[in-house]
Amino acid sequence: MTHFHGAQVLLLSALVACGSASDSAKVSSAPTDAGVEDAGALDGWDREVAQVPLADEDPAPDVVQVTLEARVSNVEIEPGQSVELWTYNGSLPGPLIRAQVGDKLRVHFTNLLPEPTTIHWHGLEVPADMDGAGVDQGIVAPGDSFDYEFVVPHAGTYWYHPHVNSSAQVWRGLYGALVVDDATQPELGAETVLVLSDISFEADGVITSPESNGSLGDFFGREGHILLVNGRVLPTLRARNGDALRLRVINAAVSRYFLLQVDGHLLTRVGGDGGLLARPEARPEVLLVPGERADIVLVPNGKVGSTLLLRAAPYSRFLCGAACGQEESLLEIAIVTGQGRAPALPSTLRAIPALDMGDAIAQDIDFTQGKVKGDPVLGINGQAYPENPFELHALVGQTQLWNVGNATDYDHPFHLHGFRFQVLTRDGSAPEVAEWKDTLNIPARSRAQIGVQFDDRPGMWMIHCHILDHAKIGMMGMLHLTR
Ligand code: C2O
Ligand code: CU
């Protein structure tokens, strides 16, 4: 059910596309053999989606200082169609923030929204008082400012979003990408950042209410009808046949799952939530649940003049019939020239030593469902946030083994703030490739075991389902980490 006709949208969006300085200028393309002159990314290949990283306002080499303002703005979603959104700096998605591993990141934040908000740095291991969880401190009232300041300890693809009334605030447009680079890591292809989201608005250009369909809307998890890639409908990348493209993909949708496919192609995951995997993993499809990231290498293979489609295939995360049976198009990849030659990916990307689970303390965490006065209530271990939140405890220095189960008949993405974890088993079997994660889909009636080690950042940390409508109706708990 796409309401748009690609060609016109594309033509116009190409004309208005923001800035020509793309990531490809900064992160160079695949290495070339001497003599192969035309290898590597084409100039402006990602112009329709490229985001220029926010300007660094601090000249010190290891400090990145940026300014973010949350404000109501009209954003053109399709040519001639503006929608009033809540934005960071007036754009959808919010601006890309880019830093080097080990940098100090300082964000001057001002809230010009009509309600309180915070910024949560999804996936980053920051001190508790910088996490923006909005539980005990750090809520930024309308008109107020707050300076976030922390070191970015690990390379990877992260994102930021509010954590106050988050299902509504993210729905209204508050989300952006944050990439932490590490110059010592291998170059894996011409690179761009793709923020996936969805939106629905009414004929008059007013965004559909984040409360639409009341408690059933919460229970199902709201999905917008229009799929966006960096705020655009079906944009196009221009590719050279046979050259590697590295797509850093972020699922910033409130509830939607994206089962990514490109016909006739393998998607090679080289990174996930917490940076590079131990080795590349090629698959016909990649499932990306809300909050999750995938760093995907795609080598387009087709005739010059042909176009590949990055699609979201149907995935039934819920008890849905027709509602989740559709296939949607996200992005076009136009093969405009040949003949590139992507070098083979390295067989190992980095070492990810397994956590020592020897003395790990085990905890059971289950996504559960109940009813209060006829309305569905979701929770963790039968307890619903905020009235009666599930709480668990850990000590600094401990390693814990969490049995994360799903006692409901539909999927939930599990997310832990502030600490990356390793998946030990999913439904009994160990994952084939080691990686660091912070968001993990727990399919209906299934179970995963994860290992997490707590370093010296005491405080209160949220755990929740990243279908934000589910978190809103109770599926959220708190980890108390003490010394
Ligand atoms: Cu993106 Cu509480 O998280
Ligand atoms: Cu959920």
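Q: Which protein atoms are the donors of the copper ion (ligand 2)?
A: This is a predicted model. In it, the copper ion (ligand 2) has three named protein donors: ND1 of H412, SG of C465 and ND1 of H470.

Q: What spacing do the donors of the copper ion (ligand 2) follow along the chain?
A: The pattern reads H-x52-C-x4-H. H412 sits in strand β24 (residues 412-416), and H470 belongs to helix α5 (residues 468-472). The two are 58 residues apart, so this pair links distant parts of the chain.

Q: Is H412 buried or exposed?
A: Buried means under 20% relative accessible area. H412 has 0%, so H412 counts as buried. H470 is also at 0%, and H470 is buried too.

Q: How do the strands of a sheet pair?
A: Strands pair through backbone hydrogen bonds, either parallel or antiparallel. Here, one open sheet has five strands with mixed pairing. Their order is β11-β19-β18-β13-β16.

Q: Which strands stand at the edges of the sheet?
A: β11 (236-240) and β16 (286-288) do. Each has a single partner strand, so one side of each is left without a neighbour in the sheet. From one strand to the next, the twist averages 25°.

Q: How many bridges join strand β18 to strand β19?
A: Six. Strand β18 covers residues 307-313, and strand β19 covers residues 328-337. The two run antiparallel.

Q: Which residue in β19 does A312 stand opposite?
A: A312 faces E328. Find both in the structure above.

Technical notes:
Residues are numbered from 1 along each chain as its sequence is written. Chains are lettered from A and ligands numbered from 1 in the order in which they are written. This is a predicted model: local features need pLDDT of at least 70, side-chain atom pairs count only at pLDDT 80 or more; totals for chains, interfaces and linings use all residues. Side-chain values use heavy atoms; hydrogens and water are left out. Two strands pair if DSSP finds at least two bridges between them. Helices (H or I, at least four residues) and strands (E, at least two) are DSSP runs, numbered from the N terminus. Axes are lines fitted to C-alpha atoms, for helices over the stretch in contact, and angles run from 0 to 180 degrees between N-to-C directions. Donors are N, O and S atoms within 2.8 Å of the metal (3.2 Å for Na, K and Ca); water is not among the atoms, so sites may look incomplete. Buried means under 20% relative accessible area, exposed over 50%, partly exposed in between (1.4 Å probe, protein chains only).
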